[in-house]
Amino acid sequence: MASPDKDLVPVIDKDGVRLTVDDAIATVTLTNPAKRNAQSPALWRALTEAGRQLPGSVRVVVLRAEGKSFSAGLDRQAFTPEGFDGEPSFVDLARGSDAELDATIAEYQEAFTWWRRSDIVSVAAVQGHAIGAGFQLALACDLRVVADDVQFAMRETSLGLVPDLTGTHPLVGLVGYARALEICVTGRFVAAEEAVNTGLANLAVPADQLDDTVRDFASAVLAAPRDAVIETKALLRGAQDRTYEEQRTAERQSQARRLRDLAGVGD
């Protein structure tokens, strides 16, 4: 895929991650197509840093990847005894205390958590394979636009592991418990048509239209006032944890804030 941010000066460009900012739109690009954008702890730290480096002007964050695959998942080097240079191997991690292992996994998860911040809307542009950690990274975003060649798969269970990079919560929320369980334990591929039909993806388009379509999504988000988008996102994000009556109350409170703001009346 051609890079829509190639003429911008990167804020971050390291360890397979590039962050560029164009006014209200930030683009995070996975930049190691030779390895199908396989993921590593260094890449996760770069993703975490990208979230921390976002200027306050950013309203939309686009996540995309160079090459034919969005991300083939965790780099298999992680499963070797030597692991990655300068990193503890998974064998070393397994030998650590429960507290150490929990802290390490929590650090890895930080790369996947900031995409749902209330002050931004994140859109993943997904083509080709999005497997394991790649699937979970796409799930970390608010919206997903996919190419018609997309192949989602959650392969962790097949490897004797569990999905632990924050993907289980959004997956169940999008497709329901039974289908989420089936997708995870079988490790099968989910193609574009099923992804759209089940809610995993908002839209599927030909691969050569993916970047343009995502830009259109970003423009549509930017057309609405920022504060209204923030309030709406927070209202919808909390809906599944509230009762019907609690959601009614939340709607009233949110609307009161918006009306006061529009009228210039303080609380």
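My notes follow, entry by entry.

**Ground rules**

I am working from a predicted model, where local features need pLDDT of at least 70, side-chain atom pairs count only at pLDDT 80 or more, and totals for chains, interfaces and linings use all residues. Residues are numbered from 1 along each chain as its sequence is written, and side-chain values use heavy atoms, with hydrogens and water left out.

**Entry 1: the seven-stranded sheet**

I started with the strands; these and the helices are DSSP runs numbered from the N terminus (helices H or I, at least four residues; strands E, at least two). I counted two strands as paired if DSSP finds at least two bridges between them. Seven strands make an open sheet with mixed pairing, in the order β1-β2-β3-β4-β5-β7-β10. At its edges stand β1 (12–14) and β10 (203–205), each with a single partner strand, so one side of each has no neighbour in the sheet. From one strand to the next the twist averages 20°; axes here are lines fitted to C-alpha atoms (for helices over the stretch in contact), with angles from 0 to 180 degrees between N-to-C directions.

At the β1 end, I found antiparallel pairing with β2 (residues 17–22) over three bridges. Lys14 has Val17 of β2 as its bridge partner.

**Entry 2: strand β5**

Is β5 buried or exposed? Six of its six residues are buried, so β5 is largely enclosed by the rest of the structure. My cut-offs: buried is under 20% relative accessible area, exposed is over 50%, and partly exposed is in between (1.4 Å probe, protein chains only). In a regular strand the side chains alternate between the two faces of the sheet. In β5, Val121, Val123 and Ala125 are buried on one side, and Ser122, Ala124 and Val126 are buried on the other.

I then checked the partners. β4 and β5 run parallel, paired over four bridges, and Val61 stands opposite Ser122. β5 and β7 are also paired in the parallel sense over four bridges, with Val146 of β7 as the bridge partner of Val126.

**Entry 3: helix α8**

Which strands does α8 lie across? Helix α8 (residues 210–222) lies across β3 (25–30), β4 (60–65), β5 (121–126), β7 (143–147) and β10, at about 160° to β7.

I picked Thr213, which sits in α8. Its relative accessibility is 12%, so Thr213 counts as buried. Leaving aside residues up to four places away in sequence, Thr213 touches Val145, Leu203 and Val205 (contact means heavy atoms within 4.5 Å).

**Entry 4: the three-stranded sheet**

There is also an open sheet of three strands, β6-β8-β9, with mixed pairing. β6 (129–131) and β9 (190–191) are at the edges with a single partner strand each, so one side of each is left without a neighbour. β6 and β8 (residues 151–153) are paired in the parallel sense over three bridges, and Ile131 stands opposite Ala153.

**Entry 5: pockets and a cavity**

The search used a 1 Å grid over the protein atoms alone: a cavity is a set of points where a 1.4 Å probe fits but cannot get out, a pocket is an open set with protein on both sides within 12 Å along at least five of seven lines, and lining residues have an atom within 4 Å of a point. Grid points are joined across faces, edges and corners, and a volume is the space filled by probe spheres set on the points.

The largest pocket has a volume of about 630 Å³. It is lined by 28 residues, with Leu74, Phe79, Phe90, Glu156 and Leu161 closest to its centre. α2 gives the most to this lining, four residues. I get 18 nonpolar, three polar and seven charged residues there (Ala, Val, Leu, Ile, Met, Phe, Trp, Tyr, Cys and Pro count as nonpolar, Asp, Glu, Lys and Arg as charged, and the others, Gly among them, as polar).

The second largest pocket holds about 520 Å³. Of its 18 lining residues, Arg116, Asp142, Leu174, Leu236 and Arg237 lie nearest the centre. α9 supplies the largest share, five residues, and the lining splits into six nonpolar, six polar and six charged.

How many cavities of 30 Å³ or more did I find? The whole structure has one. The largest cavity has a volume of about 40 Å³, and among its lining residues are Arg59, Asp119, Val121 and Ile230.
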